[in-house]
Structure formats: C-alpha cells, structure tokens
Amino acid sequence: MRKGPYFIIQAVLSLFISTMIWYMSECFLDVAINVEELSGTLFSPIIIIVIGGAIYLALTIVYIVIGAKRMDDWRPWMIAVSIVIHIAMFFLGFMASAFLAAATMPFLGGETYLE
C-alpha cells in the first residue's frame, strides 16, 4: 500500500468512528436530560466520551501498527502524521456529530433548530 491511500483511508475511518462516538454521547446526553431516572445512573456522557476516546485511541494504535506492517515504504515520521490526522478527525467528528444530531432530531421526535 502506498502512503496516499493509507492516509486517506485512515482519515475517512477516523472521521466515521469519531463521529459515531460523539453522536452516541450526544444522544445519551439528550436522553439523560429528558428522562429524570437516568440522571443518577452510573453511565454518564462523560463516561461514554472517556470509553469512546479509549476505543478511539486503541484503534489509532492498531491502525499505526497495521500500517507499519502493510506499508511498502514505512517511515517513523508516519506515526506523527497519523496522530495529527486522528486528532484533527476527533474534532471534525465532533462537528459532524453535532450536525448529524441536529439533522436527525425531527426523525427521533425532537425539536429542530435547523429551520
């Protein structure tokens, strides 16, 4: 595999995974705010973000290890580029999940603010 497709696939997968992590935490936060019984539970949005972040970090490490084995011309500087891509996609995933949550709100029976 060459460097270009490696980084593109990494960015797309990172964006998808981080969007889903943020979206699940935002949906859980909405449920926890609207249902009083969930406010005292063990699972909070912060725990979901921490667990999701840990999963995201583990996937980042796995992707770097797989890339080191699968790349034709692997170099150590690619680790830094991979980390930068994952950090950027983590924040872009937050923005994408906010839009996704706002766009899917009418379908889930909530109010929309996109109008």
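Analyst: In this predicted model, one aromatic cluster is formed by Trp22, Tyr56, Phe90, Phe91 and Phe94. The structure holds seven aromatic pairs.

User: Why is the pair of Trp22 and Phe90 called tilted?

Analyst: The ring centres of Trp22 and Phe90 are 5.2 Å apart, and rings pair if their centres lie within 6.5 Å. Their planes stand at 55°. Stacked needs under 30 degrees and edge-to-face over 60, so the pair is tilted. The pair links distant parts of the chain, as Trp22 lies in helix α1 (residues 3–34) and Phe90 in helix α3, 68 residues apart.

User: How do you know whether Trp22 is buried or exposed?

Analyst: Trp22 has a relative accessible area of 13%. Buried means under 20%, so Trp22 is buried. Phe90, at 19% relative accessibility, also counts as buried because the value is under 20%.

User: What makes the pair of Phe90 and Phe91 edge-to-face?

Analyst: The planes of Phe90 and Phe91 are 80° apart, and over 60 counts as edge-to-face. Their centres are 6.1 Å apart, within the 6.5 Å cut-off.

User: Which residues form the nonpolar patch on the surface?

Analyst: Leu15, Ile79, Ile83, Ile87, Phe91, Leu92, Phe94 and Met95 form the patch, with about 700 Å² of accessible area together. Helix α3 (residues 77–104) gives the largest share, seven residues.

User: Why is Ile87 called partly exposed?

Analyst: Ile87, in helix α3, has 47% relative accessibility. Buried is under 20% and exposed over 50%, so Ile87 counts as partly exposed.

Note on methods
Residues numbered from 1 in each chain as written. Predicted model: local features only at pLDDT ≥ 70, side-chain atom pairs only at ≥ 80, totals over all residues. Heavy atoms only, no water. Patch = residues over 30% accessible without salt bridge, like charges linked within 9 Å, V, L, I, M, F, W, Y side chains within 5 Å. Areas by Shrake-Rupley, 256 points an atom, 1.4 Å probe, with all protein chains shown as cover. Salt bridge = Lys/Arg side-chain N within 4 Å of Asp/Glu carboxyl O. Helix = DSSP H or I, 4+ residues; strand = E, 2+ residues; numbered from the N terminus. Buried < 20%, exposed > 50% of the residue type's maximum accessible area, 1.4 Å probe, protein only. Phe/Tyr/Trp six-rings, centres within 6.5 Å; stacked < 30°, edge-to-face > 60°.
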